[in-house]
Amino acid sequence: MADACRVDVFTIFPEMVEAFAAESLLGRARARGLLDVRTHDLREHTTDVHRTVDDTPFGGGAGMVLRPEPIFASVEAVDPPRPLFLLGPGGRRLDQPLAAELAASGGFSLLCGRYEGVDDRVRTHLCDGELSIGDYVLGGGEVAAMVVLEAVGRLVPGVMGNAASGGDESFSDGLLEYPQFTKPAVFRDLGVPAVLRSGDHARVARWRRAASLARTLEHRPDLIAARGGLTDDEAALLEWFRHESEASPGEP
Ligand code: SAH
């Protein structure tokens with residue numbers, strides 16, 4: 001079997017990340033040796049009795065900043081898989097292609113900030129890059145690390161039961177996924193599109209492709225624009241889909 005994808009997480013709250021990574025899909029991936037998550041407590045590398053990891057910012061201002069010494073010491077003691085990403089709102093935004101890229105790599109590491117942030121020498125002289133999970137500010141990098149772990153972990157080869165299930169979900173080809181339905185066929189007078197119960201696999205595939213396009217066009221036109229608009233075939237498929245939906249109403 002291939003080596004596990006190893007992800008080292010540096011944090012002052014290792015229990016948070018450990019507890020999360022012990023459950024469900026990530027927990028099973030770890031148990032099966034596909035994913036190797038290692039958390040490291042930055043406080044273990046403090047030298048004072050109070051195990052202080054933060055201090056006031058030079059230049060004044062509110063809040064505290066994580067000191068460089070425990071972070072450098074912690075990372076240097078482990079020599080973790082690289083790249084080592086500092087989690088922060090200023091970083092490259094995580095998206096599905098980046099998650100897939102990280103899942104295919106042998107491993108990487110994450111550093112969680114706290115308070116007002118991290119001494120910038122950590123970013124410039126210890127980390128290899130900066131990673132953000134979105135344009136908002138969290139209180140710390142731990143939740144961001146969990147987001148990265150989960151988005152990446154499920155794409156590590158072998159982790160998802162059905163290898164195909166990563167292939168046609170949202171963002172994998174620049175579109176949102178088609179709507180899914182399960183039993184019962186009628187729930188509170190709400191049916192499901194008849195084509196999905198037809199048993200005709202080619203029609204089901206066509207419907208799903210069309211529904212995926214329609215949904216993306218409605219909710220995320222920016223994704224359609226990023227692909228360079230609709231091809232003639234796609235426009236025709238959407239036309240077919242609209243007729244199909246009128247003939248057999250279901251929520252697209
Ligand atoms: N003062 C900083 C925010 C610090 S928030 C600023 O204005 O940019 C404290 C920590 O939370 C950060 O060091 C970072 O590790 C984490 N964090 C906050 N928002 C994040 C985001 N969008 N993505 C990833 N990590 C984030």
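1. Val204 is buried, at a relative accessible area of 12%. Buried means under 20% relative accessible area, exposed over 50%, and partly exposed in between (1.4 Å probe, protein chains only). Val204 sits in helix H7. Beyond its neighbours within four places in sequence, Val204 touches Val195, Leu196 and Ser198; contact means heavy atoms within 4.5 Å. Pro193 is 11 residues from Val204 in sequence and 10.0 Å away in space, C-alpha to C-alpha.

2. A word on the basis. This is a predicted model, in which local features need pLDDT of at least 70 and side-chain atom pairs count only at pLDDT 80 or more, while totals for chains, interfaces and linings use all residues. Residues are numbered from 1 along each chain as its sequence is written, and side-chain values use heavy atoms, with hydrogens and water left out.

3. Helix H7 covers residues 201-219. Helices (H or I, at least four residues) and strands (E, at least two) are DSSP runs, numbered from the N terminus. Trp207, Leu213 and Thr216 are among the buried residues of H7. Their cover includes helix H8 (221-226) and helix H9 (232-247).

4. H7 is also tied to H9 by charge. Arg203 in helix H7 and Glu244 in helix H9, 41 residues apart, link distant parts of the chain. Their side chains form a salt bridge (2.7 Å, N to O). A salt bridge is a side-chain nitrogen of Lys or Arg within 4 Å of a carboxyl oxygen of Asp or Glu. Arg203 is partly exposed at 26% relative accessibility, whereas Glu244 is buried at 16%. The whole structure has 16 salt bridges.

5. The largest nonpolar core holds 29 residues, and Val9, Leu87, Phe108, Leu110 and Val148 have the most contacts inside it. Helix H6 gives the largest share of this core, 5 residues. A second, separate core of 14 residues includes Leu42, Leu84, Leu86 and Leu111. Such a core is a set of buried Ala, Val, Leu, Ile, Met, Phe, Trp, Tyr and Cys residues joined through side-chain atoms within 4.5 Å.

6. Val148 deserves a look. Leaving aside neighbours within four places in sequence, its contacts include Leu87, Phe108, Leu131 and Ile133.

7. Leu138 lies in the loop between strand S7 (129-132) and helix H6 (142-153). Leu138 is partly exposed, with a relative accessible area of 35%.

Note on methods. The expected span of a helix is 1.5 Å times one less than its number of residues.
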